[in-house]
Amino acid sequence: MSDKKKLMIQDLKKKKTKGEKVAWITAYDYPTAQFAEAAGMDMLLVGDSLGMCVYGYESTVPVTMDQCIYHSEAVRRAAPNTFVVGDMPFMSYQSALFKAVENAGRFIKEAGCDAIKLEGGKRIIPQIKAILDAGIVVCGHIGLTPQSSGQLGGHKAQGRTADSAKLLIEDAFAIQEAGAQLLLLEAVPPELGKYITENLDIPVYGIGAGMYTNGQLLIVSDIIGQFQAFTPKFVKKYCNVAEVVTNALKQYADEVREGAFPKEEHCYKMLKGEFDKFKAMLDEGGKE
Ligand code: KIV
């Protein structure tokens, strides 16, 4: 286990006050979460983007609560000293308050998450309040909200007109007033990210919301070059895992076909003295 100090919600608030930026990524599996904790990541989101990044769905909509819980459990096991946020999937909170509370509770109770995130502004304030009343730390998520991308006209940047920016500012204040402790802004212009960050007391993080937010979140599959379908404008690729892995697999297949793999060093040796006995057994007719 690493000796990294796990941040709590109070630490995230202090970081905002001190002007210290927070770095987080999504993680969906044990090895990636282990790498992230070793890299000193401040927070991890087990995003419902796992639907697209891990399961190959076209959107996040089909993702189920059980899938989110399994992946959150794996991430928690791998990164015990990192603040982990569970992401509430489509239809796990929209239709009823009791359902929202029960499902949020599963992230805490079954998966050991530190907080939950849910998409939406004013229209989900009752759900935010109900989950907070159960003692759970809540992160709001506004701007481009992939679960409602149908209503938004696709995966498009939001708040690019004064009118739509005003609605997002109202949503941000409503989420803070409801008691949420964190806010995530997705795909909005930096000027709007700056305004909301500077005018809210709670930490405001961005994914594609410019450079002025209290921290940055990116999808791990984007930044390591693993997700192939598309790359949003706000992503910076830090390596190309797809290329590295494809080349390695091609080389392996070539070597197997050419008989270049395996070599002596990949083979087990018979125990001392057993080879002679083995040969004698074969000379006597093997298994007959
Ligand atoms: O599911 C996810 O990874 C997210 C991010 C896009 C913010 O919600």
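**Helix H8 and other sites**

Author: In this predicted model, the residues of H8 that count as buried are Ala-165, Leu-168, Asp-171, Ala-172, Ala-174, Ile-175, Gln-176 and Ala-178. An α-helix has 3.6 residues a turn, so residues three or four places apart point the same way.

H8 itself covers residues 162–178, 17 residues in total. From its first C-alpha to its last the helix reaches 24 Å, close to the 24 Å expected at 1.5 Å a residue. Gly-179 follows H8, and its phi is positive, near 115°.

Asn-103 lies in helix H5, which spans residues 97–109. With a relative accessible area of 11%, Asn-103 is buried, because the cut-off for that class is under 20%. Leaving aside residues up to four places away in sequence, Asn-103 touches Met-65, Met-88 and Ser-92.

Next come the strands. Strand E1 (residues 22–26) is mostly covered, with four of its five residues buried. E1 pairs with strand E8 (residues 215–218) in the parallel sense, over four bridges. Within that pairing, Ile-25 stands opposite Leu-218 in E8. E1 also runs parallel to strand E2 (residues 43–46), and three bridges join these two strands. Here Thr-26 stands opposite Leu-45 in E2. Between E1 and E2 the chain crosses through helix H2 (residues 30–38), and this β-α-β crossover is right-handed.

The cysteines remain. A disulfide is a covalent bond between the sulfur atoms of two cysteines. Searching the whole structure gives zero disulfides. Cys-113 is in none, and the nearest cysteine sulfur, which belongs to Cys-68, is 9.4 Å away. The cut-off for a disulfide is 2.5 Å between sulfur atoms. In terms of accessibility, Cys-113 counts as buried because its relative value is 5%. Cys-267 has a relative accessibility of 42% and therefore counts as partly exposed.

Notes:
Residues numbered from 1 in each chain as written. Predicted model: local features only at pLDDT ≥ 70, side-chain atom pairs only at ≥ 80, totals over all residues. Heavy atoms only, no water. Expected span 1.5 Å × (residues − 1). Buried < 20%, exposed > 50% of the residue type's maximum accessible area, 1.4 Å probe, protein only. Contact = heavy atoms within 4.5 Å. Pairing = 2+ DSSP bridges. Right-handed = clockwise from strand over helix to strand, strands pointing away.
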